[in-house]
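Subject: Structure handover

Hello,

Here is the structure for you to look through. Please open it beside this email and find each residue as you read.

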Amino acid sequence: MRIQNAIAGGLMIALAAVAIREGMAHDLGRMANIGPGFFPLMLGMILAVLGAAILFVRETVPEDLADTLAELRQALRPLLCICGGVAAFALLIGRVGLVPATMAVVVIGGFAWRDARPMPVLLLAIGLSAFAALVFRIGLGMPMPLLKGF
């Protein structure tokens, strides 16, 4: 089994469990008049089936331990970079403002790609920070500080 399949299938099943739990917490209704819990319940069931299908897909070529560890290392870098970028954004947005938090999420998430080069990642971070500032502060008029104190 490829490690990417195991991670993806496990995450899909975990997300399905959350959706099913939330769906069961609300009224399901009847088929003629469905309630607010019907859609999350059905979505969770579909996700569970798809997650199980992803999880239990068999490979035709057997792998040894070294190949499995190499795949695990390759799969963990993007996962850790993306999760780390989101966590950094959540921790920084209230402390330093929108622009530095956006730059942090782009820079940290940008290195999920193994061949990422610093200059294009930095330019993308600057561009997306400016775009976020324009959209949220000017376009939507949200009272969000762009930098600490501004």
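Below is what was found in it, element by element.

One point before the details. This is a predicted model.

**Helix 1**

Start with helix 1, residues 3–24. Helix 1 has 22 residues. From its first C-alpha to its last, helix 1 reaches 31 Å, close to the 32 Å expected at 1.5 Å a residue.

Take Ile3, which lies in helix 1. Ile3 counts as buried because its relative accessibility is 18%, and the cut-off for buried is under 20%. Leaving out residues up to four places away in sequence, Ile3 touches Glu71, Leu72 and Ala75. Ile3 and Arg73 are 70 residues apart in sequence. In space, their C-alpha atoms are 9.6 Å apart.

**The salt bridge**

How many salt bridges does the structure hold? It holds one. The side chains of Arg21 and Glu22 meet in it, at 3.2 Å from N to O. Is Arg21 buried or exposed? Arg21 is exposed, because its relative accessible area is 53%. Glu22 has a relative accessible area of 36%, so Glu22 is partly exposed.

**Helix 3**

Next comes helix 3, residues 65–96. Helix 3 has 32 residues, so at 1.5 Å a residue it should span 46 Å. Its end C-alpha atoms are 44 Å apart, which agrees. After helix 3 comes Gly97. The phi of Gly97 is positive, near 105 degrees.

Which residues of helix 3 are buried? They are Glu71, Ala75, Cys81, Gly85 and Ala88. These buried residues pack against helix 1 and helix 4 (98–110).

An α-helix has 3.6 residues a turn, so residues three or four places apart point the same way.

Helix 3 also has a part in the surface. Leu11, Leu76, Leu79 and Leu80 make a nonpolar surface patch of about 360 Å². Which helix gives the largest share of the patch? Helix 3 does, with three residues. Look at Leu80, which lies in helix 3. Leu80 counts as exposed because its relative accessibility is 58%.

**The cysteines**

A disulfide is a covalent bond between the sulfur atoms of two cysteines. How many disulfides does the structure hold? The count is zero. Cys81 is in no disulfide, and the nearest cysteine sulfur, that of Cys83, is 9.7 Å away. Why does that rule out a bond? Because a disulfide needs sulfur atoms within 2.5 Å. Cys83 is likewise in no disulfide; for Cys83 the nearest cysteine sulfur is that of Cys81.

The accessibility of each cysteine is worth a look. Cys81 is buried, because its relative accessible area is 16%. Cys83 is partly exposed, because its relative accessible area is 47%.

Where is Ala112 placed? Ala112 is in the loop between helix 4 and helix 5 (118–139). Ala112 has 15% relative accessibility, so it counts as buried. Not counting residues up to four places away in sequence, Ala112 touches Arg77, Pro78, Cys81 and Ile82. Ala112 and Pro78 are 34 residues apart along the chain. Their C-alpha atoms are separated by 4.1 Å.

**Helix 5**

Finish with helix 5. Ser129 is found in helix 5. Ser129 is buried, because its relative accessible area is 2%. Which residues is Ser129 in contact with, leaving aside its neighbours within four places in sequence? They are Val99, Thr102 and Met103.

Pro120 is found in helix 5 too. Pro120 counts as partly exposed because its relative accessibility is 38%. Pro120 and Val107 are 13 residues apart along the chain. Their C-alpha atoms are separated by 9.8 Å.

Best wishes

How values were computed: Residues numbered from 1 in each chain as written. Predicted model: local features only at pLDDT ≥ 70, side-chain atom pairs only at ≥ 80, totals over all residues. Heavy atoms only, no water. Patch = residues over 30% accessible without salt bridge, like charges linked within 9 Å, V, L, I, M, F, W, Y side chains within 5 Å. Areas by Shrake-Rupley, 256 points an atom, 1.4 Å probe, with all protein chains shown as cover. Salt bridge = Lys/Arg side-chain N within 4 Å of Asp/Glu carboxyl O. Helix = DSSP H or I, 4+ residues; strand = E, 2+ residues; numbered from the N terminus. Buried < 20%, exposed > 50% of the residue type's maximum accessible area, 1.4 Å probe, protein only. Expected span 1.5 Å × (residues − 1). Contact = heavy atoms within 4.5 Å.
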